[in-house]
Protein chains: 4
Amino acid sequence: MLKVGIIGASGYTGVELARILSTHPEVELTVATSRQYAGKPLSEVFPNLRKRVDLICENLGTEELIERADFFFAAVPHKTAMDIVPPLLSAGKKVVDLSADFRIRDANVYEQWYQPHSSAELISEAVYGLPELYRDQVRKTRLVANPGCYPTSVILGLAPLLREKMIDPTTLIIDSKSGTSGAGRSAGVGTLFCEVADGFRAYKVGGSHRHIPEIEQELSALAGEKVTVSFTPHLLPISRGILSTMYGSMSSTVSEQEIQQLYEKTYEEEPFVRVCPPGTFPATQYVRGSNCCDIGIKVDSRTGRIIVLAAIDNIAKGASGQAVQNMNLMNGFAETSALLGAPFFP
Amino acid sequence: MLKVGIIGASGYTGVELARILSTHPEVELTVATSRQYAGKPLSEVFPNLRKRVDLICENLGTEELIERADFFFAAVPHKTAMDIVPPLLSAGKKVVDLSADFRIRDANVYEQWYQPHSSAELISEAVYGLPELYRDQVRKTRLVANPGCYPTSVILGLAPLLREKMIDPTTLIIDSKSGTSGAGRSAGVGTLFCEVADGFRAYKVGGSHRHIPEIEQELSALAGEKVTVSFTPHLLPISRGILSTMYGSMSSTVSEQEIQQLYEKTYEEEPFVRVCPPGTFPATQYVRGSNCCDIGIKVDSRTGRIIVLAAIDNIAKGASGQAVQNMNLMNGFAETSALLGAPFFP
Amino acid sequence: MLKVGIIGASGYTGVELARILSTHPEVELTVATSRQYAGKPLSEVFPNLRKRVDLICENLGTEELIERADFFFAAVPHKTAMDIVPPLLSAGKKVVDLSADFRIRDANVYEQWYQPHSSAELISEAVYGLPELYRDQVRKTRLVANPGCYPTSVILGLAPLLREKMIDPTTLIIDSKSGTSGAGRSAGVGTLFCEVADGFRAYKVGGSHRHIPEIEQELSALAGEKVTVSFTPHLLPISRGILSTMYGSMSSTVSEQEIQQLYEKTYEEEPFVRVCPPGTFPATQYVRGSNCCDIGIKVDSRTGRIIVLAAIDNIAKGASGQAVQNMNLMNGFAETSALLGAPFFP
Amino acid sequence: MLKVGIIGASGYTGVELARILSTHPEVELTVATSRQYAGKPLSEVFPNLRKRVDLICENLGTEELIERADFFFAAVPHKTAMDIVPPLLSAGKKVVDLSADFRIRDANVYEQWYQPHSSAELISEAVYGLPELYRDQVRKTRLVANPGCYPTSVILGLAPLLREKMIDPTTLIIDSKSGTSGAGRSAGVGTLFCEVADGFRAYKVGGSHRHIPEIEQELSALAGEKVTVSFTPHLLPISRGILSTMYGSMSSTVSEQEIQQLYEKTYEEEPFVRVCPPGTFPATQYVRGSNCCDIGIKVDSRTGRIIVLAAIDNIAKGASGQAVQNMNLMNGFAETSALLGAPFFP
């Protein structure tokens, strides 16, 4: 059994990691840290874990962590992660970092959107943990930078078209909508029930969301040229789920049927990517609680644009589910272990 | 007191009309028709109206209707409306038609998106009832084609930019999200609570929603050239509210500040259009239950695009509220009569 | 025009007061205080008020308040209220206090459930502002203690039965469910969207909620004997609304029909209390956004118990709406002024 | 591998059965029937099942069913079930019936609440499938009557107190609240999103819900005397979840601590019943998507009553999860097989 630790277990990605790992046949969750809840059972912080996860939250230093587990999920905010990860690696541990700290390959770009980077030497070693694109590298690395939630939906949605140069990368507009768990579990007026329920809004309008450099890095790699996108995130009155609606001008005369076939072929063997049948489209409620990414495509012949829709559960495939998928690969487990449960509906 | 009738009172636009009219100082609601609920008090169908609206639903022919009121709201589906409206006009009544039947000025376009039109001769006479654009014509007409919900948000949102040619009309992408009341009150699996709640999806993807010709007609008139748009509607797990996120390339070198001022000046005197302060954006929860349309703008300097966001309550400014606004104008009442209530939040 | 001030305008009762007063024909809102948001337009804190309420939040002392208005709503927490109210009264102002500070007639009881009372001498003068029970006293007082939200639903629901001794007051069980706005607008993990949405729970189980002494005080007065109740509040995943389900053993052999008639007669002339037709029951969605209280009754002949259901909007009839109703009475305005709007549905 | 069929797969219990069974290591789902969707992939009806369940809905007669599986879940409405089950049993199959048809041991009582029973001879053989009470019988039977959703929460919640005679069974009041999936997937105005969202109501008030005889049968067996209860169901604006709040007078002088210990001891070895720590209470969001039943207790010393709260997921432990638990027992599988996933939160 692999001994696994969660650093920062009291957020929504932490509880989702614990939930998924509780049924993993090859993993033992041996430590969960939380400064705020140190000394409390994790199942008191998250009563859904009662009788399923039997751990006390602890506030531990690196030395102690190293003794307690061999694999770590860093579920702490960016900036904190870049300080916690290096000593774990030095001690021979493997890490999936759920923060943004090791996602951006160009440290200058990172520092432009975030803040100074104190562990830039590790960036080149980190693998961007989107298994559908980087499966082989993930298998071999000791450090995975787990992708952001929005980027996961966008990159999986656009990859086939960009690779095949069927879409003009200068025309990409991405209108994304996320459930509120994406805002985290910190108390704040803006995410109170009464502020969010029965409502809908955009935020970070006009190209200021920090997932943009991550999206552009990966889309550029796929397109083979520098890609700049318009990206508008919105806040949905649901807990879990992201739907990204993506628009671009077609750059070839390929038919909708051919594009459909391209997607089906691309993702045929992928256990977690599901291409919707022609004429049908994804919905967040059909991926809820699962590691699935559903994708649907449609050509708008009136405007010569193609619309791609991609749905994920933002704390599963968009965070903790994908993190476990990466852990599976990094340790030679079956990639789908603990992740094959179908989405919950209704 | 103006005697007013609602034809088709058992839908969500019907109950909203009755609610608004119940506090109108110059109107008496004298008749409400419903085939399905004939003989039942309207307040039994909609218990929110108890002690506020005292009417029995009736199933009446045109002859009887004519005797009972002098002004009518036709809140029936398209196709039905085009048969009901002509005899009312012939009898000297005024009508606001909430269906799509008289919105499209080109009967061929109408027939291409809907079905054959049996009263095409009335189309030229009908005024498209968006008072912010056609106030004077509304005052003088006997037939108003009340705008669709999506078009109201889109047209008010884009009008200043198109008029001033600050946006390239060939690049318009409109990503709209609507509350579920827009789907009406007919029983169907797709709009059951468990199918919609805690979820989000697109529908009519790829340029097939019937509001497209209406949007394009009005945007073309504003732009002075034929406009074709990409339009994707989505279904929100809320009852009331539309947010349209609109993208287009800037066609001039105007600054964000100048655009902000353009919007503020354009809508300064409008009682129902509210321009958000710089850096803030509309949310459906801030227009809920009101006749307001909130608009926010942002320039994305990275991509040279401008993003316009517009929010309305789809059954108020997007239907019944706007219908009453038109009724007010058609009868010389204060335009804001019965409509000045602030949105309710939370 | 009566000059009116809201002390503590940045909570949910504050914004609801401002919303209601914005359409009141005899009132001018002249001052709104908020320590947290001092200097900001109230419509920036609550964008629903844009173009409807034009006030800057201020942080003012009593002296300044006294110069700015003649009537005050104290929408601050208990304990704070008891310090703010006395100087206002001394300066000749009238006050509706929305806190609990002057609701409990026995200062000992108050101190047992809350904390020491620093203005106990005013308690005897304060009128419990449930107009359906104390209308005449409200008209004459300068200080109204505005009822709590749960108590409003419970007292209006049980009053006829207790007065007529048709129910055994030793058997009363009250199972109440409230929307989340009742928890206020302070940031806290427990009322985050993701903690409340798609869920349901009880709180303050076992007789510990502070509305209990208020409920028992009024039910005892109605029954003519000391009443002790079981009361369990629950948290609903909605913003507005309370439904109280109340159970008691029948103490007479009266029929359901007679009880129905008793309720209909009791509340016949009340503009805001609506008795549901036989066999139908209230729902929070039918009182949303209004000052209505809907009541339904049913005899369970299998058990000899009667069930009473009462629904209100907790921040309207349960707080700000009732406060305005009291203000209307205290100033000789029409009791229904600014309050006659029908509930919003859907 | 056990070949399993779902009769009536197009409802919410059907999709939940398919979801759970898709990860069951000893089961192969070989047939799913649906008259309405015959010929369609089940994953087209329920897209959450894509790539997880590969079955076409069929409309089959009993003969064909018998050839296709060895174990059946009957997920059809009552009345239909009593006709489908007997031939399956005659053919040597085992059945879990999710309808009410075999739950009531007294056919007269059944017929009083439902309709004439055409297979009354099977009633005595059927085992009421609440494993926590009837585990041994379930193991041996070929026909399980799967309990109703409300009864599951009520019986598990009250069993310890009734068995130990710590509560007066003549005083039981049960106030239950259910998510909307309990109303099924048939199209109807009453369960449309806009009718349910942001609202709350009671239904079947006054002792008329058909789960009452089932509740009373089991509570009577536990108490050793005939029990009659007051039971009021309510409709929550959530998809999944039941919370039952139960009240009764204490019939002994036992302390809260002793009752807590009684519950903890009673359910200590149960994998799916979780007793909340003292002072904490269940919430539907902590059992969502799982087979768990969470129970909390509190003594109200002011009134001498005890309050028991029990939460389940109505389509999991309240239907399909419990059905699989019964299947596991009937076939000698581990009782928890495919059911150990922790609830998903948020």
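Colleague: Is the crossing where helix 6 of chain C passes helix 11 of chain C left-handed or right-handed?

Modeller: Bear in mind that this is a predicted model. The two helices, residues 131–140 and 316–330 of chain C, pack with their axes 9 Å apart, at an angle of about 40°. As helix 6 of chain C passes helix 11 of chain C, the crossing is right-handed.

Colleague: Which residues in helix 11 of chain C does helix 6 of chain C meet?

Modeller: Helix 6 of chain C brings Pro131(C), Arg135(C), Val138(C) and Arg139(C) to the contact. Sorted by type, the residues of this helix 6–helix 11 contact in chain C are four nonpolar, two polar and two charged. On the helix 11 side, the ones met are Gln325(C), Asn326(C), Leu329(C) and Met330(C).

Colleague: Over in chain A, what is the bridge partner of Arg201(A) in strand 10?

Modeller: Start with the open sheet of seven strands, which has mixed pairing and the order 9-10-8-11-14-13-12 in chain A. Strand 9 (201–202) is one of its edge strands, so it pairs on one side only. Two bridges join strand 9 of chain A to strand 10 (residues 230–235), and these strands run antiparallel. In strand 10, Arg201(A) is partnered by Leu235(A).

Colleague: Which helix of chain D gives the most to the side that touches chain A?

Modeller: The contact takes in 27 residues of chain D and 27 residues of chain A. On the chain D side, they divide into 13 nonpolar, seven polar and seven charged. With three residues, the element of chain D that gives the most to this side is helix 1 (residues 12–21).

Conventions:
Residues are numbered from 1 along each chain as its sequence is written. Chains are lettered from A and ligands numbered from 1 in the order in which they are written. This is a predicted model: local features need pLDDT of at least 70, side-chain atom pairs count only at pLDDT 80 or more; totals for chains, interfaces and linings use all residues. Two residues are in contact if their C-beta atoms, placed from the backbone, lie within 7 Å. Helices (H or I, at least four residues) and strands (E, at least two) are DSSP runs, numbered from the N terminus. Ala, Val, Leu, Ile, Met, Phe, Trp, Tyr, Cys and Pro count as nonpolar, Asp, Glu, Lys and Arg as charged, and the others, Gly among them, as polar. Axes are lines fitted to C-alpha atoms, for helices over the stretch in contact, and angles run from 0 to 180 degrees between N-to-C directions. A crossing is left-handed if the near helix is turned anticlockwise from the far one by less than a right angle, and right-handed if clockwise. Two strands pair if DSSP finds at least two bridges between them.
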